[in-house]
Amino acid sequence: MTASTQRLAGRFWPTFMQVRLAVAIVLLALQGLVLTLGTTRSMVSLVLCLVHLVAVLAANRMLPPPSRQGVGTLPWMATVGLDLLLFAALQSMRMGGLNYTLLFALPVLMSAILGPKLRGLATAALVTLFLLGDVVWAIWLNLETATSQLFQAAITGTGFFLVALLAHELAQRLAKEEERSELNQLAARTQVAVNELIIETMTDGVLVVDE
């Protein structure tokens, strides 16, 4: 992870933390609403969302941004890993008949932008494998929509791979543009300093004051 990439990751880190917090609050409110309306009698999803919200709040306060802590394993397991586990659990239980597939885009984006390309692709692969496994389980219970569910899972998984690749490439290009801009500014400051030094040491010269 280069210095420019670390700074870029540190800049995106607060945004992802805020998005995770907003998603955790919405999920908790949604599960409470589903339980209140009597769509499901299970409290498991509500408890999971509550635990997730507490973990997100703790991560916001305790985890340093990648610009200072690099790409250690623990911060990623406490953020991306936790989100993947919660979304997978909610998708598997299907409380209230809700579909949580789109939520997997958050950990995929977070891994692709804040980490190396391999980590982003690995996250997309984990999501794809889960979706396919979930479809296989659904097919085992109900064989009527086997083909459509398999195609849908395959298309969704392909989309997550494309999102991971595109997000990582855009983040790396932005980091390179910032690094190039910093180099140009450094060269300009160096040239100004050289000019000032030359002017100070010159005994004779020409001053242009008009056309």
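In which helix is Val51 found? Val51 belongs to helix α2 (residues 44–62); helices are DSSP runs of H or I with at least four residues, numbered from the N terminus. The model is predicted, with local features requiring pLDDT of at least 70 and side-chain atom pairs pLDDT 80 or more, while totals for chains, interfaces and linings use all residues. Residues are numbered from 1 along each chain as its sequence is written, and side-chain values use heavy atoms, leaving out hydrogens and water.

**View 1. A nonpolar surface patch includes Val51.** Met43, Val47 and Val51 make a patch of about 270 Å². Patches consist of residues with over 30% relative accessible area and no salt bridge, nonpolar side chains being joined within 5 Å and like charges within 9 Å. A salt bridge places a side-chain nitrogen of Lys or Arg within 4 Å of a carboxyl oxygen of Asp or Glu. Areas come from the Shrake-Rupley method with a 1.4 Å probe. Val51 has a relative accessible area of 52% and is therefore exposed (exposed is over 50%, buried under 20%, partly exposed in between).

**View 2. Phe87 and Phe104 form an edge-to-face pair.** Their ring centres lie 6.0 Å apart with planes at 90° (rings pair if centres lie within 6.5 Å; planes under 30 degrees apart are stacked, over 60 edge-to-face, the rest tilted). Phe87 lies in helix α4 (residues 73–93) and Phe104 in the loop between α4 and α5 (105–114), 17 residues apart. Both Phe87 and Phe104 are buried.

**View 3. Phe104 and Phe130 form a tilted pair.** The ring centres are 5.6 Å apart and the planes at 45°. Phe130, in helix α6 (residues 117–141), is 26 residues from Phe104. Ring pairs join Phe87, Phe104 and Phe130 into a cluster.

Methods. Helices (H or I, at least four residues) and strands (E, at least two) are DSSP runs, numbered from the N terminus. Buried means under 20% relative accessible area, exposed over 50%, partly exposed in between (1.4 Å probe, protein chains only).
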